[in-house]
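Here is a friendly briefing to read alongside the model. Please have the sequence and the 3D view open as you go.

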Amino acid sequence: ATEGGARIHGAIELPFQEAIDRYIDRTHLKQPIHLTCPTPSEVVENRCKVEDKLVFMEQYVASMQSTVASLFEKVATVIQKLDKSKARTNLDQVDYDELASLMGEIDEIKAKFEEKEFVDIFIDATQALIIHYELEIARIQVRPIQNDDDRRLKMIDWIYAHHPWLFALAGIMEAELIVIRRRGIQSRYVHKAEFSEDGILINGHFYDYKNEIQDFEIELVIDGEAIFATTLIGKDSKVPFSFTIPSRFFNDQVHRISVREKSTGIILTGMPENRLLLSADKNKAQFMESLDVHYEQKNPSLNHDKSISFLATEDNLNDGKLIEPSV
């Protein structure tokens with residue numbers, strides 16, 4: 001009766017009113033709920049309790065995110081060495097003590113999923129994504145071992161499988177940290193991007209829906225380095241700004257690009273951190289065309305052969321058509 005018309009095999013279909021008449025005990029009367037408003041002193045006390053919890057969560061999430069991100073970088077470095085040595089076909093050239101050490105650190109992170117504090121803060125955000133990776137990891141975990149080479153290959157594959165696992169976990173933690181730091185009041189966002197002669201000119205508007213007249217200092221950050229900063233005077237609810245990415249970053253490397261409030265370190269809503277491969281081989285006309293396609297929503301994807309950048313996902317990095325220089 002309450003499933004919105006969905007038919008469930010084996011269930012009796014009834015109109016909602018008929019179900020109430022047939023099954024509801026009307027002799028039991030519920031007592032009215034009377035709420036008492038807290039006193040001003042109780043409001044202050046409760047706000048202090050909430051802020052204490054937020055401070056604890058912020059410190060805990062920042063610490064965990066730093067630990068996971070650091071381990072991800074270690075794993076990424078080891079994977080680069082494994083790729084360079086073609087480890088799967090040159091098993092004798094692998095430092096298995098190093099792999100075992102990394103596996104121990106990964107296990108320490110996984111053990112956190114059994115701790116109440118970790119579960120309370122992260123599980124709702126992480127479980128759907130992490131289980132996807134865990135199902136792939138489980139295939140490696142149950143793979144039988146017949147000899148030493150099987151054991152070595154299993155160690156190598158275990159490290160490879162946890163590379164995206166750690167990346168996803170660190171990203172989720174970073175997103176939670178941003179939300180906690182906003183404290184529910186951050187309501188600004190960036191939109192639109194245009195090209196300039198010496199790099200990407202990021203044009204946007206700083207929105208203040210509370211229409212507060214105050215100054216905000218924002219900065220362009222690339223790979224954790226503050227490149228430029230500017231002060232916006234909040235006379236109106238919509239304040240324009242521009243940032244240019246210098247040409248030195250067009251070096252065929254993956255860069256993290258973001259715009260954030262300087263005082264709080266909060267990434268502006270609508271401008272999350274993007275990992276982009278800035279190619280030195282693409283020209284201005286090609287990039288302008290890719291922006292026209294993307295930002296006018298003619299095509300929701302930047303991943304085409306005339307784009308100067310693309311999201312640095314594993315699939316895209318393995319796509320030869322995306323990463324080969326255009327001619």
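Glu219 counts as buried, with a relative accessibility of 6%; here buried means under 20% relative accessible area, exposed over 50%, and partly exposed in between, with a 1.4 Å probe and protein chains only. The model is predicted, so local features need pLDDT of at least 70 and side-chain atom pairs count only at pLDDT 80 or more, while totals for chains, interfaces and linings use all residues. Residues are numbered from 1 along each chain as its sequence is written, and side-chain values use heavy atoms, with hydrogens and water left out.

- Glu219 lies in strand 3; helices (H or I, at least four residues) and strands (E, at least two) are DSSP runs, numbered from the N terminus.
- Not counting residues up to four places away in sequence, Glu219 touches Ala226, Phe228, Ala229, Phe243, Ser258, Val259, Arg260 and Lys262, where contact means heavy atoms within 4.5 Å.
- Strand 3 covers residues 215-222, and because six of its eight residues are buried, strand 3 is largely enclosed by the rest of the structure.
- Strand 3 pairs with strand 6 (residues 253-261) in the antiparallel sense, over five bridges; two strands pair if DSSP finds at least two bridges between them.
- Ile222 has Ile257 of strand 6 as its bridge partner.

**The chain as a whole**

- The chain has eight helices and seven strands.
- Of its 327 residues, 35% are buried.
- Among contacts in the chain with a separation of 6 or more, 61% are between residues 24 or more positions apart.
- The accessible surface of the chain is about 21000 Å², and 53% of this surface belongs to carbon and sulfur atoms; the areas come from the Shrake-Rupley method with a 1.4 Å probe, and for residues only the protein chains shown count as cover.

**Where helix 2 meets helix 4**

- Two packed helices are described by the angle between their axes and the distance between the axes.
- The axes of helix 2 (residues 40-85) and helix 4 (residues 116-141) come within 11 Å and cross at roughly 90 degrees; axes are lines fitted to C-alpha atoms, for helices over the stretch in contact, and angles run from 0 to 180 degrees between N-to-C directions.
- Helix 2 is therefore roughly perpendicular to helix 4, on a scale where angles under 35 degrees count as roughly parallel, over 145 as roughly antiparallel, 65 to 115 as roughly perpendicular and the rest as oblique.
- Helix 2 brings Phe56, Met57, Tyr60, Val61 and Met64 to the contact, and helix 4 brings Glu117, Phe118, Ile121 and Phe122.
- By class, this contact has eight nonpolar, no polar and one charged residues; Ala, Val, Leu, Ile, Met, Phe, Trp, Tyr, Cys and Pro count as nonpolar, Asp, Glu, Lys and Arg as charged, and the others, Gly among them, as polar.

- Ser85 belongs to helix 2 and counts as buried at 18% relative accessibility.
- Leaving aside neighbours within four places in sequence, Ser85 is in contact with Asn90 and Gln93.
- Lys86 sits in the loop between helix 2 and helix 3 (96-111) and is exposed, with a relative accessible area of 58%.
- Most residues other than glycine have a negative phi.
- Lys86 has a positive phi, near 50 degrees, and is a residue other than glycine.

- Asp157 lies in helix 5 (residues 148-182) and counts as buried at 13% relative accessibility.
- Apart from its neighbours within four places in sequence, Asp157 is in contact with Arg88, Ile140 and Arg143.
- Phe249 is in the loop between strand 5 (238-244) and strand 6 and is buried, with a relative accessible area of 5%.
- Phe249 and Ile222 are 27 residues apart along the chain, and their C-alpha atoms are separated by 8.8 Å.
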